[in-house]
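Visitor: I am new to this structure. Please show me how to read it, feature by feature.

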Amino acid sequence: EADVGIAIGVGAQIAVEAADVTLLRSELSELVAFLSLSKATFWTVLLNFFWAFCFNFVMLPVAAGVFYPSLHVPPLAAGIAMASSSCLVVLSSLQLRRFRGPVQPEHTRRKRVGPPQKRYRKIKESDGTPLAAAREDVGSPG
């Protein structure tokens, strides 16, 4: 059973509607870019969880007054710290806008599949080859 359905935008409409992700171009290199973006998003989410956990682990006991006689944080400073924690998470998420997909090396782009095409010489009507004779037979009225 699949976790994610991926369709190519030029495919059947039913496949596009049923898919979770639709690639707009019909190139498989877009699939590599999509997977790279999903990994970057996953790591950004983990980083945001890490920062939020560290901040809450350190600051919640301080804000609750556990260390009151020796450490005291005024409510204004606690509010500013909480807002800055949220800003840190948002700025970390906004870094995904700078994402650039993996660059495909120039020598692997649009590689021709199959043997190289041979260049054939033009056949003249006056050639003595069997193909030229067949062309003359077809071209002449019967």
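**Reading the helices and the surface**

Guide: Ser86 sits in helix H3, which covers residues 75-94. Keep in mind that this is a predicted model.

Visitor: Is Ser86 buried, exposed or partly exposed, and why?

Guide: The label comes from relative accessible area: under 20% is buried, over 50% is exposed, and partly exposed is in between. Ser86 has 42%, so Ser86 is partly exposed.

Visitor: How far apart are Ala81 and Met59 in space?

Guide: Read two distances, one along the chain and one in space. Ala81 and Met59 are 22 residues apart in sequence, and their C-alpha atoms are 8.6 Å apart.

Visitor: What pattern does the protein follow along the sequence?

Guide: Read the elements in order. The pattern is β-α-β-α-α-α. That gives four helices and two strands.

Visitor: How many of the 142 residues count as buried?

Guide: The share is 10% of the protein's 142 residues.

Visitor: Is Phe49 buried or exposed, and why?

Guide: Phe49 belongs to helix H2. Its relative accessibility is 59%, so Phe49 counts as exposed.

Visitor: How do I read a pocket?

Guide: Start with the empty space. Rolling a probe the size of a water molecule over the atoms shows where such space is left. In this model, the second largest pocket holds about 200 Å³.

Visitor: Which residues line the second largest pocket?

Guide: The lining is made up of Thr22, Leu23, Leu24, Arg25, Glu30, Ala33, Phe34, Leu37 and Phe99. Strand S2 (21-23) and helix H2 (29-64) are the elements that give two or more residues to this lining.

Visitor: Which element gives the most to that lining?

Guide: H2 does, with four residues.

Visitor: How do the lining residues divide into nonpolar, polar and charged?

Guide: Sort the lining residues by type. Six are nonpolar, one is polar and two are charged.

Methods. Residues numbered from 1 in each chain as written. Predicted model: local features only at pLDDT ≥ 70, side-chain atom pairs only at ≥ 80, totals over all residues. Heavy atoms only, no water. 1 Å grid on protein atoms, 1.4 Å probe; cavity = no way out; pocket = protein on both sides within 12 Å on 5 of 7 lines; lining within 4 Å. Points joined across faces, edges and corners; volume = space filled by probe spheres on them. Nonpolar A, V, L, I, M, F, W, Y, C, P; charged D, E, K, R; others polar. Buried < 20%, exposed > 50% of the residue type's maximum accessible area, 1.4 Å probe, protein only.
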